[in-house]
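Visitor: I am new to this one. Could you show me the structure and take a few questions?

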Amino acid sequence: YIRLPRLVGSYNDTDVYSGLGRYGPYIKFGSTYANLPGDLHILTVDIDQAAELMEHTVQMKKNKLNRGVLANIGEIEGSDVTVREGRYGMYLNWNKVNAKLPLHYFENPAEIPMEIAWNAIQEKLAAMPASERDKKGKSKHEKSKVALPPAPKRPLSAYLHFCAEMRPKVKGTTTKLGDISKELARLWAETPDRNKWIELAEASKAEYTDKKAKWQAECDRLTSDTKRKAATSRSQLSKSTTSKTKQNDSLVTLPPAPKRPLSAYFHFMAEMRPQIKETAGSVGEVSKEIGRLWSETEDKSKWEQLAEAGKVQYEEDKVRWKDECNRLMSGGGRLTSKPKTADGKLKQDPKPNTGAKTNSTSRSNATKSSKRAPSAYMLFCSDNRLKTVEELMVASGGTKPGLGTVTKELAKKWNECKDETRLKYTEMAAEENLKLLETSETA
């Protein structure tokens, strides 16, 4: 039999392995991972082919291309517009906004004009929901509300100058982007005299430094007036805070709203739980048994009547609560959630304490007072988060995934899980909700 990962050989005194991961075949060199192209197989790849692939990957990392950046188009509003290569192909990126790259720029993504790239990003922003658009579409200079000039384009490195010169020649031999990149990396590694492209890179860097200094001076000049206006606004705000203390006498503390009624299933659970706890062991087993008994019970009228009676009582309590709130508000007072002291004065917020222990205690108390039972989806995420992070790290070559990536993967797993798994976590959530209700009633 064949055991994976397979030892391919040794390169620079480090073992090289080939294996099959979640997103396809890969090569592992120390802590560095590289995807295996389609023309190579994990069982037949030799050490020379693996070494060439690893050299290309290391060269990409040295040129700050380890995150899949293929080309830097320019900078707009303080953020770079780049062409990146992801799991599903090449795409445009600007400030956490990803847009599709037009097909006719796939062969040479660095040639896409800034105007076309920016229009594609703006179209993607316009199609996003308002909340997501406000979160991702904010630029670094948006808070200043000043129209700043575009930043100068970053200079190319010596390797990128070499690629720009040699790419037309290499494109005549192959059409695959991965093969072109590997061939360029091989030619660069075999080129002993690189002074030509190093001089081009130094000249570009000097020109970029000069343009960036002028651009920064212009941005500072435009934002200086905005900073002065902000300082004036803060001083005016501090003067107006003293006048707000005179309004405390008109604040009104409303009574707490009535609790929502229990459903028929929760009435059934409250009745059957003491009996089942004597035979069942864990909380999960109790929840499963209650769910099974509920599904097998044909006559549920008893608990449905209890739920209906609770609903009627809740509606009556809600009407009385609204009448009391209207009575308290009829005097022209304003709404507040702060309690009053024994002498009728409004209770002030406690002064902030810099002690870590006191702060953590207050946060803990606030969390306890506003605690809510977790949903079935949250319990599923809690059980599978660490495993999902490990899988994503293996697939990305050891890079720790971001919170958004982990959340999307968990949502995908939840949508694809079996009905038995969903029922398990639904019963667990119902049990947690019942326990929270019993705790609140006891308190």
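Predicted model: local features only at pLDDT ≥ 70, side-chain atom pairs only at ≥ 80, totals over all residues.

Visitor: Take Y159 and W188. Is the pair stacked or edge-to-face?

Guide: A pair of aromatic rings is described by the distance of the centres and the angle of the planes. For Y159 and W188, the centres are 5.5 Å apart and the planes meet at 75°. Planes over 60 degrees apart count as edge-to-face. So the pair of Y159 and W188 is edge-to-face.

Visitor: How many residues apart in sequence are the parts that Y159 and W188 tie together?

Guide: Y159 lies in helix α4, residues 158–171. W188 lies in helix α5, residues 177–190. Both residues are buried. The pair therefore ties together parts whose separation in sequence is 29 residues.

Visitor: Which residue lies over the face of W188?

Guide: Look for a charge above the ring of W188. The distance from the ring centre is 4.2 Å. The residue is R194.

Visitor: And which ring lies under the charged end of R422?

Guide: The charged end of R422 is 4.6 Å from the centre of the ring. The ring belongs to W414.

Visitor: What is the angle between the ring planes of F268 and W303?

Guide: F268 and W303 form an aromatic pair, 4.9 Å centre to centre. The pair is edge-to-face. The angle between the planes is 90°.

Visitor: Which helices does the pair of F268 and W303 link?

Guide: The two residues are 35 residues apart, and the pair links distant parts of the chain. Both F268 and W303 are buried. F268 is in residues 264–277 and W303 in residues 301–329. These helices are α7 and α9.

Visitor: Which residues do ring pairs link into a cluster with F268 and W303?

Guide: F268 and W303 belong to a cluster linked by ring pairs.

Visitor: In what sense do β7 and β8 pair?

Guide: Strand β7 covers residues 89–94, and strand β8 covers residues 97–100. They form a hairpin with 2 residues between them. W94 has V97 of β8 as its bridge partner. Over 4 bridges, the sense of the pairing is antiparallel.

Visitor: What is the phi of K96?

Guide: Most residues other than glycine have a negative phi. N95, in the turn of the hairpin, has a positive phi of about 50°. K96 lies in the loop between β7 and β8 and is exposed, with a relative accessible area of 64%. K96 is not a glycine either, yet its phi is positive, about 70°.

Visitor: Is L43 buried or partly exposed?

Guide: L43 lies in the loop between β4 and α1. I2, L4, L20 and L43 form a nonpolar surface patch of about 380 Å² of accessible area together. The relative accessible area of L43 is 37%. Buried would need under 20%, so L43 is partly exposed.

Visitor: How far is the C-alpha atom of D46 from that of V16?

Guide: D46 lies in the loop between β4 and α1. D46 is partly exposed, at 35% relative accessible area. V16 is 30 residues from D46 along the chain. Their C-alpha atoms are separated by 9.9 Å.

Conventions
Residues numbered from 1 in each chain as written. Heavy atoms only, no water. Phe/Tyr/Trp six-rings, centres within 6.5 Å; stacked < 30°, edge-to-face > 60°. Buried < 20%, exposed > 50% of the residue type's maximum accessible area, 1.4 Å probe, protein only. Lys NZ or Arg CZ within 6 Å of the ring centre and 35° of its normal. Pairing = 2+ DSSP bridges. Patch = residues over 30% accessible without salt bridge, like charges linked within 9 Å, V, L, I, M, F, W, Y side chains within 5 Å. Areas by Shrake-Rupley, 256 points an atom, 1.4 Å probe, with all protein chains shown as cover. Salt bridge = Lys/Arg side-chain N within 4 Å of Asp/Glu carboxyl O.
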